[in-house]
Amino acid sequence: MQRHHRGGSAVHRIRTAGLVLLCCHLLLVGWLTLRPLSVPWVAPANLRPFASIHADLAGGPRAALEGIGGGLALLAPLGVLLPMAAGRLTSRLGSWARTVFAAAMISLGIELVQPTVPGQVADVDALLLNTTGAAVAHLVCYPVVRSRLRAAARHGEASGRLRRSGDADRGTTPRTPRVGMAP
């Protein structure tokens with residue numbers, strides 16, 4: 001007997017793609033943020049909120065784009081990949097809260113490990129920017145991801161209903177009438 005899962009295979013393909021992309025993105029983030037750097041001098045850790053953001057803004061547009069834009073963009077894909085990998089079609093607020101919490105915990109983990117890596121320092125502003133980037137990306141992209149997941153789930157349920165109803169419409173198996181044996 002074959003079991004039909006709710007949502008069909010399209011939802012499972014989307015979730016699998018989300019998980020694979022999420023793992024690849026987290027590997028890239030880990031490589032970018034936790035690889036040792038050979039630098040002659042390292043600035044002290046920044047534990048004062050908005051200090052490096054103010055320094056980036058004071059450094060001009062290019063420094064602001066690299067510092068602030070890079071911080072926002074680093075974990076922004078999590079705003080799309082986490083709901084995609086979860087595959088839940090829950091409320092927007094609940095999904096947003098889970099995504100922001102997960103992004104904050106991932107960023108906090110990175111910031112706690114960075115001081116142990118040569119050439120890397122902890123920065124509280126990176127935590128704020130990374131979390132904000134994931135939150136904004138979720139707010140912008142989640143409605144599109146949610147509508148695609150719902151459409152895939154509806155399509156999977158409809159095709160499942162068609163398969164099941166098509167089996168019922170066929171009726172009983174035809175039988176050959178009994179023919180008596182010739183003398």
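1. Leaving aside neighbours within four places in sequence, serine 52 is in contact with Asn46, Asp123 and Asp125; contact means heavy atoms within 4.5 Å. This is a predicted model, in which local features need pLDDT of at least 70, side-chain atom pairs count only at pLDDT 80 or more, and totals for chains, interfaces and linings use all residues. Residues are numbered from 1 along each chain as its sequence is written, and side-chain values use heavy atoms, with hydrogens and water left out.

2. Is serine 52 buried or exposed? Serine 52 counts as buried because its relative accessibility is 18%; buried means under 20% relative accessible area, exposed over 50%, and partly exposed in between (1.4 Å probe, protein chains only). The side chains of serine 52 and aspartate 123 are joined by a polar contact of 3.1 Å. Such a contact is a pair of N or O atoms within 3.5 Å; within protein, one must be able to donate a hydrogen and the other to accept it, and residues adjacent in sequence count only if both atoms are side-chain atoms.

3. Serine 52 lies in helix α2 (residues 51-58). Helices (H or I, at least four residues) are DSSP runs, numbered from the N terminus. Buried residues of α2 include Ala51 and Ile53. Just after α2, glycine 60 has a positive phi of about 105°.

4. The largest nonpolar core has 14 residues, of which Leu22, Val29, Leu75 and Leu78 touch the most other members. A nonpolar core is a set of buried Ala, Val, Leu, Ile, Met, Phe, Trp, Tyr and Cys residues joined through side-chain atoms within 4.5 Å. At least two residues of this core come from each of α1 (8-34), α4 (78-86), α5 (92-113) and α6 (124-169), and α4 gives the most, with 5 residues. Apart from neighbours within four places in sequence, leucine 22 is in contact with Leu78, Leu81, Leu82 and Ala85.

5. Where do α4 and α5 meet? Leu78, Gly79, Leu82 and Pro83 in α4 meet Ser95, Thr99, Ala102, Ala103 and Ile106 in α5. The residues of this contact divide into 6 nonpolar, 3 polar and no charged. Here Ala, Val, Leu, Ile, Met, Phe, Trp, Tyr, Cys and Pro count as nonpolar, Asp, Glu, Lys and Arg as charged, and the others, Gly among them, as polar.

6. Valine 113 is in helix α5. Valine 113 counts as partly exposed because its relative accessibility is 38%.
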